[in-house]
Amino acid sequence: MKTLNKIGLIGGLLISSMIYAADKKTEMSFSATEVVPGLYVLMGVNGFAGGNIGLSIGEDGVVLIDDAMPATLEIMQNAIKSVTKQPIDFLVNTHVHGDHTGNNDTIGRSGTRIVAHENLRHHMVTKGIETSKGKVPAPKAALPVITFSHSMNFHLNGNDAHIFHVANAHTDGDAVIHFKNLNVIHTGDILFNKMFPFIDLNSGGSVDGYIAAQKKILSISNDKTIIIPGHGNLATQKDLEMSISMLEDSKKIISQLIKQGKNEDEVVKLNPLAEYQQWHWGFITTEKMTRQMYKGLVAAGKPSH
C-alpha cells in the first residue's frame, strides 16, 4: 500500500491530509457493522480512515465514540446515515489524537454534547489542535463540555455504559467505555489489535501505564467479551492477553539491555524485538517500537526532582 508517504502527524499519530485509498481504483469508506443489537462499529476500508468508531443507537438517542479525521468526515457521516437518521446526542472522545477527535468542531457545532476526560479538554485548551496548516487554538465547539476525572456512567438505550480513565497509558487523558450488559468494551488506543501500539510519551503516555491499562481492561473481560480496539479488527480476551504478553516481554528484554548500559542506538542495532516482527506496521515499525520502549523505560527510571 503506497499511501504512507502522504501522511502527516496530528497529536503524534498518523493523519492524512487527503482521503486516500489502497489503490487509485478503490475509494476509501467506513464499514458499519452491528456488533450487538443497537451497537455498531465503524471501521475504515481501503485506507487509513482514523480510529475505530463506536455508535450506540436506541430510543434515548445516539452516542458516538470518537469521530475520525476532517478528511474523512463525509464518508463517516455516510456510514452513520446508513444505520440511523437521528442526530448525534453525545460524542465521547477516548483521547486527544486527531484521528479520534478530528471532527469535534463540526459535530460540536451541530449541538452534540462532547464528553471526555478532563486532561483531554485541558490539552486542547492549553495546546490547541493540529491541522493541515499547523497548530491552531481549539475552536469552542470542538471542546468537551462534560468532563470527568475518574469515571462516569451513561444509562441510555437500555445500556449501562461505564466510562473510566486509565492513567498515563496511551496519553494522560485516555477513556475506556465498557457496555456492561452488552459485554462490549471500546478501548480507544489502549489496544492496537495485533499491532505494536503507539505510546505517546510526549502527551503523558508511559510503558507501565499502558500495560496497567490493558490489564485493567482484561480484569473486566471474559472469553465472550467483544473488544473494539482503537485500531485493527474486533478483538477478544485472548487477543488482549497476547498484547499484554508481548508488551511485558518487550519491556523485560529492553530493560535488561538498559541495565547493561547500552544506549538507544546500540539497543536498536541489536534488533531485540525481532521475534515480534509480525506486530510491525506502517507507523509503528519494530525499530520505532524499540525506540519508544527504550525512551519510556529510561524516562521512568529517572529520579524525580
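This is a predicted model: local features need pLDDT of at least 70, side-chain atom pairs count only at pLDDT 80 or more; totals for chains, interfaces and linings use all residues.
Residues are numbered from 1 along each chain as its sequence is written, and side-chain values use heavy atoms, with hydrogens and water left out.

**Exercise 1.** Determine where Asn46 lies and where Ala68 lies, and state whether Ala68 is buried or exposed.

Solution. 
1. Most residues other than glycine have a negative phi.
2. Asn46, although not a glycine, has a positive phi of about 65°. Ala68, also not a glycine, has a positive phi of about 60°.
3. Asn46 is found in the loop between β4 (39–45) and β5 (53–58), and Ala68 in the loop between β6 (61–65) and α1 (73–81). Helices (H or I, at least four residues) and strands (E, at least two) are DSSP runs, numbered from the N terminus.
4. Asn46 is partly exposed, at a relative accessible area of 30%, whereas Ala68 is buried, at 0%. Buried means under 20% relative accessible area, exposed over 50%, and partly exposed in between (1.4 Å probe, protein chains only).

**Exercise 2.** Identify the buried residues of α4 and explain how they are arranged around the helix axis.

Solution. 
1. Helix α4 (residues 118–127) has Leu120, His123 and Met124 buried.
2. These buried residues fall within an arc of 95° when seen down the axis of α4, so they line one face of the helix. The arc is that of the directions from the helix axis to the C-beta atoms.
3. Just after α4, Gly128 has a positive phi of about 75°.
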